[in-house]
Amino acid sequence: MSVTETEEFIQFVSGARILPGSVPLTHRYGGHQFGVWVGQLGDGRAHLLGAYTNRHGTRWELQLKGSGKTPYSRDGDGRAVLRSSVREFLCSEALNYLGIPTSRAVSLVVSNDDVKRDQFYNGSVENEKGAIVLRVAKSWFRFGSLEILAHSGETELLRKLVDFIIKQHFPLINATNSNRYLEFFSQVVIDTSNLIAHWMSVGFAHGVCNTDNFSVLSVTLDYGPFGFMDFYDPNFVPNTSDDEGRYKIGNQVNVGRYNLNKLMKALNPLLDLKQQLLAEQILKGYPGLYQTKFMELFKAKLGLFGYNNNDEYLITYLLKLMEDTRADFTMTFRQLSEITKQQLAAHSISEDHWALQDVARHTNFSHWVNLYLSRLNRNIVDSDEARRTRMESANPRYILRNWMAESAIKKTAGNDFSEVHLLQKILRHPFSKQTEAEEARYSSRPPPWARELRISCSS
Ligand code: AMP
Ligand code: MG
């Protein structure tokens with residue numbers, strides 16, 4: 001019997017048993033939600049159990065989500081529904097295997113108790129299955145963890161917290177240097193710009209980019225109404241509760257700067273006047289940092305080496321063609337990785353390459369192809385086979401599309417977790433073609449009902 005099948009383990013991951021020495025705690029934090037300072041929030045349904053150092057020496061903080069009321073629950077019940085727990089579990093693992101910094105999921109336990117939710121906020125309250133996820137991150141501190149202390153004038157506690165975070169998670173920063181808070185801020189600006197560029201490179205929209213959901217370690221956390229876009233659309237809004245599209249995919253880069261500005265304000269009490277001005281200069285570097293990372297990632301997606309003046313144009317041009325033709329974001333890039341240069345030059349695009357067929361309907365497609373092929377020819381020491389292999393490892397064939405999560409979640413109502421397990425297995429190797437995934441049509445055109453799917457904040 002494996003450890004995970006033991007009664008002790010199940011009790012531990014469901015919050016029924018506390019290990020000796022563990023002092024469960026909940027974080028106090030605040031946040032800017034949808035552009036408004038909402039004051040104190042805190043972990044309303046999460047319990048930190050402690051830290052675990054694995055055999056590689058990596059320290060993980062263990063947190064239960066959906067484990068019941070806390071001092072910060074406010075009007076909430078402290079619970080989480082099964083559907084959102086499955087989504088968090090699968091997506092955090094999926095992002096990890098796509099190479100994107102994220103919290104991870106260890107286990108999911110289905111509860112016997114029902115949870116009441118008005119899923120679409122239309123007055124129809126239903127009993128749903130509840131669940132508890134054990135999730136791990138190197139740290140669960142958020143921008144809002146610092147903001148709440150700055151807002152309430154607890155400057156000494158703020159200093160203590162930031163010093164603690166620096167000491168524990170930013171080993172390259174000298175903890176006695178008087179510029180340490182600036183260096184910390186500078187690193188978070190870099191890491192956040194990289195994270196958001198990464199999200200964009202796989203078409204991921206977080207959905208609720210409030211400052212309480214932004215990690216000081218710049219890892220993806222708090223999976224709610226997120227979504228991977230199917231067809232390319234900068235206005236893609238995954239969250240039906242986000243009427244104004246504040247957190248639409250194309251706005252994530254701006255929201256990142258907004259959130260970093262709030263973090264900077266929270267750090268201001270620890271900075272002298274000169275340092276405050278420097279922090280503003282650091283923040284001004286954010287768009288450039290983002291653009292550099294974005295270009296690096298998208299050049300890799302197109303298999304480009306080196307630098308050419310027109311690279312940005314080439315990428316933007318393709319995205320525009322995709323937008324005009326509503327071509328699938330993931331599969332257009334993937335299929336460009338699979339097709340040979342000869343086939344592309346001859347416009348010989350097979351049925352298998354359905355997303356490329358879509359984008360090829362654009363009148364400017366052949367113009368773009370000419371530019372692309374001549375740019376590829378500027379790659380020194382490259383072969384078409386090497387290009388394709390390289391691009392296949394930069395462009396996933398499988399992502400967690402909403403319809404896939406929904407299909408798996410529907411089956412859990414009948415206690416059938418087979419598709420959850422299948423997705424977990426497939427998404428561990430998103431860049432490799434897998435027979436079971438093809439049979440399940442995970443790289444095919446999304447079914448028509450995928451377009452009708454709506455994901456709200458309710459979780
Ligand atoms: P979220 O939008 O999921 O990031 O949550 C925002 C805040 O509301 C966080 O402080 C959560 O802990 C809290 N919250 C969300 N759902 C619940 C719930 N069911 N019970 C208590 N607190 C909750
Ligand atoms: Mg949250």
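Q: What is the phi of Gly153, and which helix comes before this residue?
A: In this predicted model, Gly153 follows helix α3 and has a positive phi, near 70 degrees.

Q: What makes helix α3 a mostly covered element?
A: A residue is called buried when its relative accessible area is under 20%. In α3, which spans residues 143-151, seven of the nine residues are buried, and the helix is therefore described as mostly covered. The buried residues are Phe143, Gly144, Ser145, Leu146, Glu147, Ile148 and Leu149.

Q: Which elements cover the buried residues of α3?
A: Contact requires heavy atoms within 4.5 Å. The cover includes the strands β1 (30-33) and β2 (36-40), together with the helices α4 (155-169), α5 (180-201) and α6 (252-267).

Q: Why is Ser218 called buried?
A: The relative accessible area of Ser218 is 4%. Ser218 is found in the loop between β7 (204-205) and β8 (227-228). Its phi is near 55 degrees, a positive value in a residue other than glycine.

Q: How do you know whether Arg441 is buried or exposed?
A: Arg441 has a relative accessible area of 52%. Exposed means over 50%, so Arg441 is classed as exposed. Arg441 lies in the segment after α17 (435-439), and its phi, near 65 degrees, is positive although the residue is not glycine.

Q: How do you know whether the radius of gyration of the protein chain agrees with that of a compact globule?
A: For 459 residues, the rule for a compact globule gives a radius near 23 Å; the protein chain has 23 Å, so the two agree. Along the principal axes, the C-alpha atoms fill a box of roughly 65 × 60 × 45 Å. Of the 459 residues, 53% are buried.

Q: How do you know that domain 1 and domain 3 are in contact?
A: The domain assignment places domain 1 at residues 3-137 and domain 3 at residues 402-442. Contact means heavy atoms within 4.5 Å, and 11 residues of domain 1 are in contact with 14 residues of domain 3. The centres of these two domains, taken over C-alpha atoms, are 22 Å apart.

Terms used: Residues are numbered from 1 along each chain as its sequence is written. Chains are lettered from A and ligands numbered from 1 in the order in which they are written. This is a predicted model: local features need pLDDT of at least 70, side-chain atom pairs count only at pLDDT 80 or more; totals for chains, interfaces and linings use all residues. Side-chain values use heavy atoms; hydrogens and water are left out. The radius of gyration is taken over C-alpha atoms; the globule rule is 2.2 Å times the number of residues to the power 0.38. Buried means under 20% relative accessible area, exposed over 50%, partly exposed in between (1.4 Å probe, protein chains only). Domain bounds come from an automatic or database domain assignment. Helices (H or I, at least four residues) and strands (E, at least two) are DSSP runs, numbered from the N terminus.
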